[in-house]
Structures are given as C-alpha cells and as structure tokens.
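Please open the model in your viewer and keep the selection panel at hand.

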Amino acid sequence: MNFKDIVNRDLVNLQNCESEPIHIPGSIQPHGFLLAFNAGTQIIEYCSGNSAAFIGTGYISILGKPLADILGAAEAEKVIHYLTQKDNETQPPLIIKANKHSFNANVHTSAEMVILEMEPLADESLEVNDLYTQTRKFVAQMQGSATFKQLCQAVADETRSLTGFDRVMVYRFDKEYNGEVYAESKKEEFEPFLGLHYPHTDIPVQARQLYVKNLLRIIVDVQYHPVPIYTIDDGAKRSLDLSHAIYRSVSPIHIDYLKNMGVGATLTISLLYQGRLWGLITCHHYSRRNISPYTKLAGQLQGHFLTSQIDVRQIAERHDRNTEIEKALDATLARVAALEKSSVFELASQPELLMLTGASGVAIVVDGIIYSSGLVPSQEQLKELVNWFSHATPSGVYNTVKLSKDYVAATAIKDTATGVIYHSLGKSDENCIIWFKPELLKTVNWAGDPTKAIEKDEKGLSPRKSFALWQELRKLESSEWGDTEISAAARLAHALQRHLHTIAMREEEARYLALNEKLRKVNAELQNFNWISTHDLKEPLRKIQTFASLILDKQNDNLPDQVAHYVERMSTSASRMSLLINDILSYSLLRNKEGAIESVDLNVLLQSIKNDLREEIAEKKAELFVDELPIINGVEFQLRQLFLNLISNALKYVPQGRQPKITISYEIVERTNPFNASIPLQTYHQISVADNGIGFDNIYSTTIFEVFKRLHGPNAYKGTGIGLAICKEIMQNHGGFILAEGKEDIGATFSLFFVLKQPETTGPVL
C-alpha cells in the first residue's frame, strides 16, 4: 500500500493573495495531531505525519484502519457521541485517552469526513469553577462599563489577564473591512497600537470567511514547521477542507506578516454581529505560547458577551440622539402640516431642520425658487447641483459623505457641500430638499503604508515589512450621516412632498374655478348674442327685405335700371344674412339644447324628408335610392336635420343640366374611431349618402366640416358653410362620427357611423 501527503504546494506561486486556498493547506501546526475518518465507515482516511510523537503509532499504521482500532472502542464511541450533540461548541472540552495519555480533542465534520484534532492535556487547565468565577467577573465588568468603548477596553484587559498574552486588541472593521484597533491592553514596555488602522488586504476575503466559520484560531509558534497530512495513494487528487480546524496550518504570507511584526504566537477570537464579521479579539505574544481548552473557551465566551452587547450599547448610545431627532422631526412635521407655499422660507430657516440630520446647511427648492439656511453653496452653485441631481438620481434619493466621488464640480463647494442628503420632492425635476455638511479634514494613522500591504517580487507575494506609523490626510470627506438621520430626512422629505402636492392641487383647483367663472360669463354673453341674433338682427333684416320687395313691386317701372339692380342686390344680401343668422342660431342651439333619446325608425324619417323636399326633387327630376335602414337610438329632430342637410346638399351641389342621383346605403361594420384612438374596435351602423354632384378634392375631406368652410364662392351655390359642421356636431352628440370622400365632378359620399349597441336609457344628449 502506498501513501502520499496532500500538502498544497501551489501556495508559493500565487499572483494574488485573495486567491490563496487557505482552507486546504494539507498540513497542520505541530503542537497537536489530526485524524480524519469516514463518517459512515469510521475508517481513518487522513492522518498527520506526527501522530507517532503523541500516541506511538505512525500514519502508515493508522491509515485504512477503523477509529476503534487506534483509540479503542470506548474512546471511539465517546467521539461519535460528542459529535451527535446539537452544538458541541457549548459543551465542555472533550478529553480522549490514547496510549495511556490524555488529550484535549476538537471534533467537527467536513463533507463526509469527521476531523479529530488532539493535543496533550495541559496541567494548568482552568477548572470549571474557575471558568464560572471568570464569567461572573466579566459580567460585573460589563454592567459597570458606561460606554461601549469602555466595555471593549474591559474585554481587552480581562482577556489579557485570562490568557497571559503580551498584547490583546479589540479590532473592528469598517464597511470596506479596513481595521482599527478600538481597544488595547498591553505590557507597558510595548509600543501602543491603539487607534492604528490596517488595510483590508491584511485580512483577505477568504480569511474573513474562515473567521466566520471558525470562531477561534491559535498559532502557538510562528516559527513552526508545518506537519503534512497523509492519505492512502489511490491515484486520485485529494484535499481536506480544514475550515473549522484549530490546528490548520497558516498561510505562509500571514506567517511572514507576523514575523515582520515580531510576534511569536497569536490567538484570534471572531466577533460576529448580525451574521457579519464585526471585528476580532486579537492576542499577540512575543514568544511561543499555548493555552488550555478551558482558557480558550473562556476567551470565546468573552467574545460572545461582547458581540451580544453591540446592539444594546449602540442603541443606548444612540438613544439620546434619536430622542433629539424625533423631537425635531415632530416639530418640523407640525410646521409642514400648516405650510403654505409662500412660507417655505420660514420652514427652511427653522433650526430643527438642521438638527434632524446634524447638517450645517439646508436648501429647499420649490418651483425654481431656492429657500436656504445655514452653510450652503451660492445660488448659482446650488442651481448647477440641483440640475445634476435631477439627471443623475433617477430614484430621487441620494446621500454621500464624499460628493466629489460622483459630482465633478464638488471640489469647488467642499467648504459647504462635501456631504449631502438629497430627496426629490416630485412635481418637477427641480423640486427638492438637500442637507449639507462641509469637508472634515481627518488624519488616519495606518500601521505602515496601506498601499504596500502586499508586495510582489521574484520570490512571490510577501507582506509589508514596515509597520511604522504612516499618516494619511483624508480630504473631500464629511462626517458620517447616521442611519437615524438618513431615515428622519426621508420621512420629512416624504411629508413635505405630499404637502406640496396638496398645495399644488389646491392651486390647480382655484385656477379651474376661476376658469369656470370666466366660461360662465362667456356663455352668458353668447346666450345674449343668440337673443340679439334672434331678435335685434333679424328684425331690421326683415324690414330691409320688406321695403326692397315693396320698392321692386310698386316702383319697378319707374326705377332706373341701375337703381333696381342695387335694390335687388340689397334684398339678396339681406336674405343671405338672414339665412346665415338662422344657421348660426341652429348650430348654437344644437350644442346647447338637450333632447330625449328615443328609438327612431330611419325609414319613416327618410320618407318624411322626401315628402318635405318633393317639390325640389320633382323640379330637378332627382332619383333617390334608399336601402332598408335600421332603427337607432337618438334625438329625432337632430337626426332629421342631419339627413335633411345631406340630401339638400346632394340636390344643391349638382352641375347645370345633370340629373341628381342620390343613393342611401346601409351595412354593419367593425372599425375604430379615427378621431379617438382611445376607443377600441367597435361595431357600427354605417349609413352612406352618395351623390353624383360636383364632388370635391379629398384633401378637403376633413376641413369641409369646419364652420363657414366653403369650397366655392358665395354666388356659385347658395349656403352659409355651416350645414356640414351641424352634421358633424349631431354625429358627435350621438357618440358616432362622420366621414367624407369626394372626387371632383364625379360626386361625394358622406358616411355616418352610429354605434350598434347604445345604452337603452333616456336622458339628455351630451
């Protein structure tokens, strides 16, 4: 049987430390040994190369054997039972006996494998009673800490006392995972790291992921030589996931990093908050150091206590600020509720508006007018910024502490507007409210140059060698906007937007009321005009016609020809004007008069019209061809006027000497309304009135229905140009439409479209 190690030898050829597969190094640290067995068969498939130094049996004799053969049946059963517990992290450390020695054991699973890590039981192990005492002491310190920072300092102090490490730091991450030493406990002779920042590259992505999976990691001696893990060589490429292993061999890059710092041993406890890596408790010792399982457990408990307090302490510290914000918000919302547009400037000048967000300035833009208070950019700069917001923020919401990142002109307004909260107020792109913060110069102390955190040379990747203080002056950034401040700004902006919308609606309503009043007066004047047309204008016209007729009848023989001609023209003009007044009055009455809808038999209606026109029909020897017509719902007198106008026109507009032929046809059609695209496809009664008259050019098929629109001179054919306009109006009153089609000297066709299914109700025609 052949054996092989699974050491990952590709680690030295990395081009990017973030691609380093640190979870499968294929080796462990030498202060303990490792066995990995199949969960189903309990056959050992992996063994570290140093097992003989601990239990007297080497990996060659272990691999391929059942776990019970190596540890004994009772101890193997103890491992399996421990593994079946729901959460073995909260259980006391597992003690395993092998080859007459006692070992501290760590058990976890990886895919189908169970990984067992063991190291000799330390004589100075912290007893359970001591652990209880330590826990009570920590709880008392936790309750006595006034602020969260004091609590972190207490954790650092107590962890150093507990573990005996030379330096203990509470290390927290920002949003980009850059780290800051937030609290520190150390021996006096060491230089302080408190307040130093470390770039996110110091702890790459995959390392942070492992810190979430495995909450405790120890490096007993940074000078260690990795111990390879062996397996049976069956020709397959093998690896073992050590994400949860405490003894996992560490990245060579990280080992170099610690050596460059002068560190001899480390202990790291993860601090998780809401499933995210909030920070670390990082312990440094400047020589080799190991601690017992109970001490590790106590350290882990302190980490749990600390993360459990993050919410509590942060909420407590935010409480006063939140109370202040809520008070300011309530006062501001009360002013918004009573706001008039003319008093927006009063709202902008209220100190509570700035208190809401901790801003130094605020501007409200309504209908192009800027109302501002505090420290804000100039009017011209504000207009340019508002214009940029209207195009660059389709959501209408934006906040930042570094405006220059997105807005190129931000450097010119850094003293007033480096940080902004922007909310659109709707209605127009320019209506908005903006809070401002100025630039806040900030010096950040880094442990070495963060731009050189990882260096690459011909030997591969290596961490920076210098951790000397490196200062960065951060420019073009403001202080942070708190979550509560951002939320309060959104609530205020939403309330202001709704109120301004209400004001706009009231203004629009007032405009409509004023317009309606004007229309009422105009309609009254038009009605007065109709009365004048009916009485004041028609009366003198009748007198003119009467006197002209008398003159021509009684004095015709004595009148000079020229005078008689003038009198005839005067009489003709008066008749034409009377006809025009009658048509105007008819058109006006048509638009305003209400009529009852009833069933109208168009066959009876057409027969009545033919009787009225029988003399003209006989005189012109006209021929009428009429299909069987439907019964439709409508206003009878309007429908009568409709068909009377069309047939009269067909009789009137005929070339001299041509016999009029008029065809009235009927069919049911489906089509859309060409004058209203919103009306869907409908079924119509189509009634077409076609003649063989003078016709017209189809370019006039629409304009022919306009009032006073005539295609011929007033002397060519009698008429006022209102008849077809009346026809169009009648069809609209009946919910339909009329179309015209003509061909010069051939004839014209006027098609009427009535909706086939009309409501069977009575009421006014609108």
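Helices (H or I, at least four residues) and strands (E, at least two) are DSSP runs, numbered from the N terminus. The model is predicted, so local features need pLDDT of at least 70 and side-chain atom pairs count only at pLDDT 80 or more, while totals for chains, interfaces and linings use all residues. Residues are numbered from 1 along each chain as its sequence is written, and side-chain values use heavy atoms, with hydrogens and water left out.

**Whole chain.** Of its 766 residues, 46% are buried; buried means under 20% relative accessible area, exposed over 50%, and partly exposed in between (1.4 Å probe, protein chains only). The accessible surface amounts to about 39,600 Å², with 52% belonging to carbon and sulfur atoms. These areas come from the Shrake-Rupley method with a 1.4 Å probe, and for residues only the protein chains shown count as cover. A contact means heavy atoms within 4.5 Å. Among contacts between residues at least 6 apart in sequence, 68% join residues at least 24 apart.

**Surface patch.** Next, select Y512, L515 and L519, which form a nonpolar patch on the surface with about 300 Å² of accessible area together. Patches consist of residues with over 30% relative accessible area and no salt bridge; like charges are joined within 9 Å, and nonpolar side chains (Val, Leu, Ile, Met, Phe, Trp, Tyr) within 5 Å. L519 belongs to helix α13 (residues 483–554) and is partly exposed, at a relative accessible area of 43%.

**Helix pair.** Display helices α17 (residues 636–652) and α18 (residues 723–733), which pack at an angle of about 145 degrees with their axes 9 Å apart. The contact involves, among others, L642 and L646 of α17 and I726 and I730 of α18. Axes are lines fitted to C-alpha atoms, for helices over the stretch in contact, and angles run from 0 to 180 degrees between N-to-C directions.

**Salt bridges.** The whole structure holds 12 salt bridges, each a side-chain nitrogen of Lys or Arg within 4 Å of a carboxyl oxygen of Asp or Glu. Begin with K414 and E439, whose closest N and O atoms are 3.5 Å apart. K414 lies in the loop between β17 (397–400) and β18 (419–424) and E439 in the loop between β19 (432–437) and β20 (442–447), so the pair ties together parts that are 25 residues apart in sequence. E439 counts as buried at 18% relative accessibility, whereas K414 is partly exposed at 29%.

Move on to D745 and R658, where the closest N and O atoms are 3.2 Å apart. Then select E45, D234 and R238, which are linked in a network of salt bridges.

**Backbone angles.** Most residues other than glycine have a negative phi. Which phi value does A111 have? Its phi is near 55 degrees, a positive value. A111 occupies the loop between β6 (101–110) and β7 (113–120) and counts as exposed at 75% relative accessibility. Finally, select D367, which has a positive phi of about 55 degrees. D367 is placed in the loop between β15 (361–366) and β16 (369–374) and is partly exposed, at 38% relative accessible area.
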